[in-house]
Amino acid sequence: MTTSSDSSETSASSLPGERGELLRALAEQRELLLLTVRGITDVQAVQRTTVSELTLGGIVKHMARGELVWTQILVKADGELPDLDRSVPLPRTPWSPPETVYWPARRILLHLIRETAQHAGHADIIREALDGANTTAQR
């Protein structure tokens with residue numbers, strides 16, 4: 001399994017203000033996840049190393065899909081949302097309340113940072129159990 005850094009990291013580094021800070025934080029968490037899975041084989045990507053159903057490949061797939069969905073929510077709302085306070089409607093899900101739920105762009109970015117950090121931690125545990133490697137040692 002090979003990974004590559006996203007070009008959005010370069011563009012995030014040049015953005016000023018809060019938007020840039022949030023996008024840089026997301027890029028840093030994404031990079032930690034990619035460090036954790038660097039050098040694994042396809043066999044290792046699907047191997048379970050704990051009692052959990054989680055695998056390294058499953059985590060990467062979940063995070064990629066999640067970022068795509070949240071990015072589409074932001075973009076469909078009204079372009080690139082220059083105002084982080086601007087709220088966007090969330091899509092309906094089976095667990096949604098009957099009324100439409102709105103989140104500000106800021107909350108969506110914070111949610112992505114939290115999710116990425118949480119899953120990067122899961123991936124680090126799985127990788128260490130898999131072959132002894134960990135993110136700190138790979139930096």
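I am working from a predicted model.

**Nonpolar cores.** I began with the largest nonpolar core, which has 14 residues. W70, I73, L90 and I108 have the most contacts inside it. I then looked up which elements give two or more residues to this core, and found α2 (17-37), α4 (56-78) and α5 (105-131). The most comes from α5, with five residues. Apart from this core lies another, of twelve residues, and L33, L56, V60 and M63 are among them. In general, nonpolar side chains tend to be buried together in soluble globular proteins.

**I73.** I left aside the neighbours within four places in sequence. I73 is then in contact with V88, P89, L90, P91 and I108.

**Aromatic pair.** I searched the whole structure and found one aromatic pair. The ring centres of W70 and W103 are 5.3 Å apart and the planes are at 5°, so I noted the pair as stacked. W70 sits in helix α4 and W103 in strand β2 (residues 102-104), 33 residues apart, so the pair links distant parts of the chain.

**Helix α5.** I took the span of α5 from its first C-alpha to its last: 39 Å over 27 residues, close to the 39 Å expected at 1.5 Å a residue. Just after α5, G132 has a positive phi of about 85°.

**T36.** Is T36 buried or exposed? I found T36 buried, because its relative accessible area is 0% and the cut-off is under 20%. T36 lies in helix α2. Not counting residues up to four places away in sequence, T36 touches A120, A123, D124, R127, T135 and Q138.

**Salt bridges.** I counted seven salt bridges in the structure.

- E67 and R30 meet through their side chains at 3.1 Å, N to O. The pair links distant parts of the chain, with E67 in helix α4 and R30 in helix α2, 37 residues apart. Both E67 and R30 are buried.
- E53 and R48 form a salt bridge at 3.7 Å, N to O. I noted E53 as exposed, with a relative accessible area of 62%, and R48 as partly exposed, with 41%.
- R127 and D131 form a salt bridge at 3.0 Å, N to O. They are about one helical turn apart, because four residues separate them in helix α5. R127 is buried at 6%, whereas D131 is partly exposed at 38%.
- E18, D85 and R106 are joined in a network of salt bridges.

Terms used:
Residues are numbered from 1 along each chain as its sequence is written. This is a predicted model: local features need pLDDT of at least 70, side-chain atom pairs count only at pLDDT 80 or more; totals for chains, interfaces and linings use all residues. Side-chain values use heavy atoms; hydrogens and water are left out. A nonpolar core is a set of buried Ala, Val, Leu, Ile, Met, Phe, Trp, Tyr and Cys residues joined through side-chain atoms within 4.5 Å. Buried means under 20% relative accessible area, exposed over 50%, partly exposed in between (1.4 Å probe, protein chains only). Contact means heavy atoms within 4.5 Å. Rings of Phe, Tyr and Trp (its six-membered ring) pair if their centres lie within 6.5 Å; planes under 30 degrees apart count as stacked, over 60 as edge-to-face and the rest as tilted. The expected span of a helix is 1.5 Å times one less than its number of residues. A salt bridge is a side-chain nitrogen of Lys or Arg within 4 Å of a carboxyl oxygen of Asp or Glu.
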